[in-house]
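Subject: Model handover

Hello,

Here is the model I promised to pass on. Please look it over before reading my notes, which follow below.

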Amino acid sequence: METQQPELRVVEVTDERSALARRSIALIQEAIWDVHPTSFLLAELSETRRGVAKGGGYHLLAMLAPGDEEPVAAAAGAYLQAVNAGFISYLAVREDQRARGLGGQLREHLLETFRVQARQERGEELAYVLGEVERDSAWLRRLVREGRVMPLDIHYFHPWMSRRRERYYALYREPLADKRTELPSDEVARIVEAIWRRAYRIRDPHQRDTYHYMMKQLEERETVGPDPDFLGPLTS
């Protein structure tokens with residue numbers, strides 16, 4: 001006889017001083033190796049709570065079982081006001097709760113949070129959602145197969161990657177209000193700059209060689225479309 005699972009609830013963690021904020025961040029750090037320090041993430045929440053965040057608010061969501069304050073999943077990301085897009089920084093599910101579709105459910109809640117902020121701050125629908133993920137990720141390839149996301153044809157780096165890690169990550173775009181399949185290269189340059197400045201809080205990206213490398217790629221092109229490596233049959 002199948003046991004009915006208790007209904008889970010999703011809450012937005014808005015106070016960096018709460019125990020739930022630290023528990024949610026701890027879950028993300030346990031599940032994902034490449035994560036900002038706790039102090040960085042708590043500062044993001046603090047600035048958003050106090051209304052002093054620049055370039056868009058930061059959001060941390062937790063999924064909880066009834067009567068339990070220990071999160072089974074957590075997601076975090078920033079609204080990139082400069083390009084009217086959401087950026088998903090982290091999505092983590094507790095190991096004993098995986099393969100239940102919880103990550104996808106929580107991701108949809110985070111997207112709705114971005115949509116609300118876009119309407120509040122710009123009076124527009126959210127244009128698209130962005131994220132970075134390992135190129136060989138089975139999750140990414142599933143979303144590509146489903147037609148939901150488009151990895152951009154750019155050799156992408158986040159700020160702490162060296163040139164030796166070229167083509168390790170893909171930068172993907174999930175169209176929402178903006179359904180274009182190709183973007184002007186200068187718009188993609190603004191996207192990368194918004195991610196570096198807002199999501200990673202890099203004050204002067206131009207001092208980084210990997211940033212210069214990406215900008216040089218884009219200067220030599222007129223448009224950026226889907227990464228051709230993801231256009232053929234995906235077997236994984």
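Arg-167 counts as partly exposed, at 31% relative accessibility (buried is under 20% relative accessible area, exposed over 50%, partly exposed in between, with a 1.4 Å probe and protein chains only). Arg-167 has a positive phi of about 70 degrees although it is not a glycine, and it is found in the loop between E6 and E7. Helices (H or I, at least four residues) and strands (E, at least two) are DSSP runs, numbered from the N terminus.

This is a predicted model: local features need pLDDT of at least 70, side-chain atom pairs count only at pLDDT 80 or more, and totals for chains, interfaces and linings use all residues. Residues are numbered from 1 along each chain as its sequence is written, and side-chain values use heavy atoms, with hydrogens and water left out.

Asn-84 is another residue other than glycine with a positive phi, near 55 degrees. Its loop lies between strand E3 (73-80) and E4, and Asn-84 is buried, with a relative accessible area of 3%. Most residues other than glycine have a negative phi.

Next, helix H4 (138-145). At its start, a side-chain oxygen of Ser-137 reaches to within 3.2 Å of the backbone nitrogen of Trp-139. The buried residues of H4 are Leu-140, Arg-141, Leu-143 and Val-144. These cover an arc of only 160 degrees around the axis (taken from the directions from the helix axis to the C-beta atoms), which puts them on the same side of H4. Their cover includes E5, strand E6 (150-151) and E7. After H4 comes Gly-147, with a positive phi near 75 degrees.

Now the pockets. A pocket is an open set of points on a 1 Å grid over the protein atoms alone, where a 1.4 Å probe fits, with protein on both sides within 12 Å along at least five of seven lines; lining residues have an atom within 4 Å of a point. Of its 40 lining residues, the closest to the centre are Ile-32, Leu-91, Glu-132, Val-133 and Trp-139. The largest share of that lining, seven residues, comes from E4.

The second largest pocket has a volume of about 270 Å³. Helix H2 (38-49) and helix H5 (185-199) each supply at least two residues of its lining. Among the lining residues are Glu-44, Lys-54 and Arg-201.

Regards

Notes. Points joined across faces, edges and corners; volume = space filled by probe spheres on them. Contact = heavy atoms within 4.5 Å. Polar contact = N/O pair within 3.5 Å; in protein donor to acceptor, adjacent residues only side chain to side chain.
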